[in-house]
Amino acid sequence: MCGPLTGIRVLDLGQYIAGPGAGQTLADLGADVLKVESLSGDQARGIGTFGEAMVQAYNRDKRSIALDLGREEGREILHKLLAEADVLVQNFRHGSAERLGIGPDELSRRYPRLVHGGVTGFGVNGPSRGRPGLDIAAQAEFGLMYATGEADGEPQRLGLPVADVTAANALATGILAALFQRTSTGRGAHVQTSLMEATLSMQASNWGEYTLTGQAPRRKGNGQALVAPGADVVTVADGTIVLSAYTAEKWSALCNLIDRPELIDDPRFVDNPARVAHRAELLAALSEAFGAMTRHQAVERLQSAGIVCGAVRSFDDLVDDKDVAASEILVDVATSDGGRYTSPGLAFTLDGRRRTTSVSAPVVGQHTVAVLRDLGYPDSAVAALLDSRVVGAPAFSLRQIERHSS
């Protein structure tokens with residue numbers, strides 16, 4: 001399917017998730033995304049399964065060129081690519097882009113139509129701007145870990161790199177806005193975000209509670225701090241479910257559903273402050289009511305009364321889930337060796353459609369030779385750049401030159 005960004009050329013200099021994730025969104029929307037890597041590749045490639053999962057998740061349908069940007073010849077190739085690009089994506093540490101000659105001021109001067117987007121750890125203006133930023137630092141320093149975990153336990157990281165992913169989405173959104181703005185102004189723009197800003201942005205409602213109460217959100221395990229039952233977990237026969245019924249209407253419906261109408265006006269549960277104060281007793285009553293049911297049975301009963309609920313499930317439960325299958329969010333990805341796997345794609349459709357097939361992440365420098373040829377380099381010059389280690393390419397790619405030379 002030709003996406004709305006067909007014809008847009010993107011240079012993705014990102015590593016790990018925050019940069020490549022933004023590039024992945026643009027690729028899924030139809031842009032031609034060229035992943036610019038060092039000769040050893042995206043740093044995620046060197047950390048085993050943990051890193052390989054990142055590479056495969058956030059680099060589908062991209063091409064790869066391996067350049068040594070520490071060399072003048074490598075930077076010359078990069079600028080040839082920039083001259084033809086619409087977007088540059090990078091998540092360098094603050095100051096690194098300027099040292100390479102691709103800071104926002106230089107890019108705006110040389111390539112006025114270019115949209116250039118950057119992600120840092122802690123922003124570019126404050127005293128921590130030079131600090132390296134990884135997801136876990138953002139989760140720790142900007143409120144997420146402090147509010148996550150059991151009340152009497154240690155702080156917990158969320159079970160995914162949520163700061164990285166949110167920053168990637170923020171950067172992609174900013175880039176799309178800048179591309180739209182360019183249609184009327186004719187000029188590109190510099191889009192800048194950070195793990196810090198993304199982490200704070202996703203906590204807007206928690207920040208609202210803080211400003212209203214003057215109390216920072218604290219760890220309390222499951223359940224929402226100011227309402228009950230709200231996101232509370234109940235153990236059932238084959239696992240757990242989660243439910244919310246904190247409005248007067250839903251609380252009454254829940255009490256009637258479990259044949260305990262007397263709880264509606266019980267002084268311990270008569271309103272949200274009372275139910276929050278007596279949450280343990282409330283959960284005991286719900287556990288008694290649902291404890292003998294399966295997750296499926298409990299969810300069906302709760303849904304019949306219009307109560308928000310869900311079975312707590314793992315990926316093992318989702319592989320064959322009918323709703324997931326119907327949404328077509330799992331993209332069918334083809335690998336170079338003929339294999340296939342699935343990966344979540346865009347979280348939205350356009351006119352009811354979304355991309356459903358994809359090609360797996362490239363190996364380091366897989367398209368170096370082809371890209372240099374497209375830039376007008378003759379094979380002799382490509383061979384010289386390879387020999388001098390200004391660029392890199394895998395063995396199977398090098399055979400293209402060998403066959404041509406012979």
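Which residues are linked with Glu106 in a network of salt bridges? The close-ups below start there, in what is a predicted model.

**View 1. A network of salt bridges links Glu106, Arg109 and Arg110.** Within this group, the side chains of Glu106 and Arg110 meet at 3.9 Å, N to O. Glu106 and Arg110 both belong to helix α5 (residues 104-110), where they sit four residues apart, about one turn of the helix. Glu106 is partly exposed at 26% relative accessible area, and Arg110 is partly exposed as well, at 39%.

**View 2. Asp86 and Arg182 pair up in a salt bridge.** Here the closest N and O atoms are 3.0 Å apart. Asp86 lies in the loop between α3 (72-82) and β4 (87-90) and Arg182 in helix α7 (residues 162-185), so this pair ties together parts that are 96 residues apart in sequence. Asp86 counts as buried, with 14% relative accessibility; Arg182 is buried too, at 9%.

**View 3. Arg373 forms a salt bridge with Asp379.** Their closest N and O atoms are 2.9 Å apart. Asp379 is buried, at 14% relative accessible area, whereas Arg373 is partly exposed at 30%.

**View 4. Leu200, Trp207 and Tyr210 make up a nonpolar surface patch.** Together these residues have about 320 Å² of accessible area. Tyr210 is found in helix α9 (residues 204-213) and is partly exposed, with a relative accessible area of 37%.

Key. Residues numbered from 1 in each chain as written. Predicted model: local features only at pLDDT ≥ 70, side-chain atom pairs only at ≥ 80, totals over all residues. Heavy atoms only, no water. Patch = residues over 30% accessible without salt bridge, like charges linked within 9 Å, V, L, I, M, F, W, Y side chains within 5 Å. Areas by Shrake-Rupley, 256 points an atom, 1.4 Å probe, with all protein chains shown as cover. Salt bridge = Lys/Arg side-chain N within 4 Å of Asp/Glu carboxyl O. Helix = DSSP H or I, 4+ residues; strand = E, 2+ residues; numbered from the N terminus. Buried < 20%, exposed > 50% of the residue type's maximum accessible area, 1.4 Å probe, protein only.
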